[in-house]
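Here's a quick briefing to read alongside the model. Have the viewer open as you go through the points.

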Amino acid sequence: MKIDIKWHEVEIGAIVKEPGSASEYKTGDWRSEVPVRDNEKCIKCGICYIFCPEGCIYRTEDGYFDANLYYCKGCGICAYECPRGVIRMIEEKKE
Ligand code: SF4
Ligand code: SF4
């Protein structure tokens, strides 16, 4: 769905429903670091999902959370906000 409004016309509290602030672009190409998870420590609280500015974190079938790397920009906010230290940012290897 394409929405044709200016940023200052967006209502306060609006929710991004599609991944990526620019869902038609492969924003993951901008990334230099990538989030990796150790789900052994994850308590499935969803805080990473809430704080991701790209909306690219999704819930997996087993209740954990993962990032869609097509859109993830590697900002590290999910790693910063995770209360259990589940997420680490590591340098991404480009082929
Ligand atoms: S690093 Fe984490 S918070 Fe940042 S865009 Fe990627 S998944 Fe979202
Ligand atoms: S914020 Fe951390 S503990 Fe909570 S769901 Fe995400 S990875 Fe798991």
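Ligand 2 has 13 residues around it, and the closest are Cys42, Cys45, Gly46, Cys48 and Cys82; a residue counts as near a molecule if one of its heavy atoms lies within 4 Å of it. Bear in mind that this is a predicted model, where local features need pLDDT of at least 70, side-chain atom pairs count only at pLDDT 80 or more, and totals for chains, interfaces and linings use all residues. Residues are numbered from 1 along each chain as its sequence is written, chains are lettered from A and ligands numbered from 1 in the order in which they are written, and side-chain values use heavy atoms, with hydrogens and water left out.

**Ligand shell**
- Sorted by type, the shell around ligand 2 has ten nonpolar residues, one polar and two charged (Ala, Val, Leu, Ile, Met, Phe, Trp, Tyr, Cys and Pro count as nonpolar, Asp, Glu, Lys and Arg as charged, and the others, Gly among them, as polar).

**Overall build**
- The protein has two helices and four strands, and from the N terminus they run β-α-β-β-α-β (these are DSSP runs numbered from the N terminus: helices are H or I with at least four residues, strands E with at least two).
- Of the 95 residues in the protein, 27% are buried (under 20% relative accessible area; exposed is over 50% and partly exposed in between, with a 1.4 Å probe and protein chains only).
- Take the contacts between residues at least 6 apart in sequence: 66% of them join residues at least 24 apart (contact means heavy atoms within 4.5 Å).
- The accessible surface comes to about 7400 Å², and 52% of that belongs to carbon and sulfur atoms (Shrake-Rupley method, 1.4 Å probe).

**Glu54**
- You'll find Glu54 in the loop between helix H1 (47-51) and strand E2 (57-59).
- Glu54 counts as buried because its relative accessibility is 9%.
- The side chain of Glu54 makes a polar contact of 3.2 Å with that of Lys73 (a pair of N or O atoms within 3.5 Å, one able to donate a hydrogen and the other to accept it; residues adjacent in sequence count only if both atoms are side-chain atoms).

**Aromatic pairs**
- There are two aromatic pairs in the structure (ring centres of Phe, Tyr or Trp, the last by its six-membered ring, within 6.5 Å; planes under 30 degrees apart are stacked, over 60 edge-to-face, the rest tilted).
- Tyr49 and Phe65 have ring centres 5.8 Å apart and planes at 40°, so this pair is tilted.
- Tyr49 sits in helix H1 and Phe65 in strand E3 (residues 65-67), so the pair ties together parts 16 residues apart in sequence.
- Tyr49 is partly exposed at 47% relative accessibility, whereas Phe65 is buried at 7%.
- Tyr70 and Tyr71 have ring centres 5.1 Å apart and planes at 75°, so they are edge-to-face.
- Tyr70 is partly exposed at 42% relative accessibility, while Tyr71 is buried at 12%.
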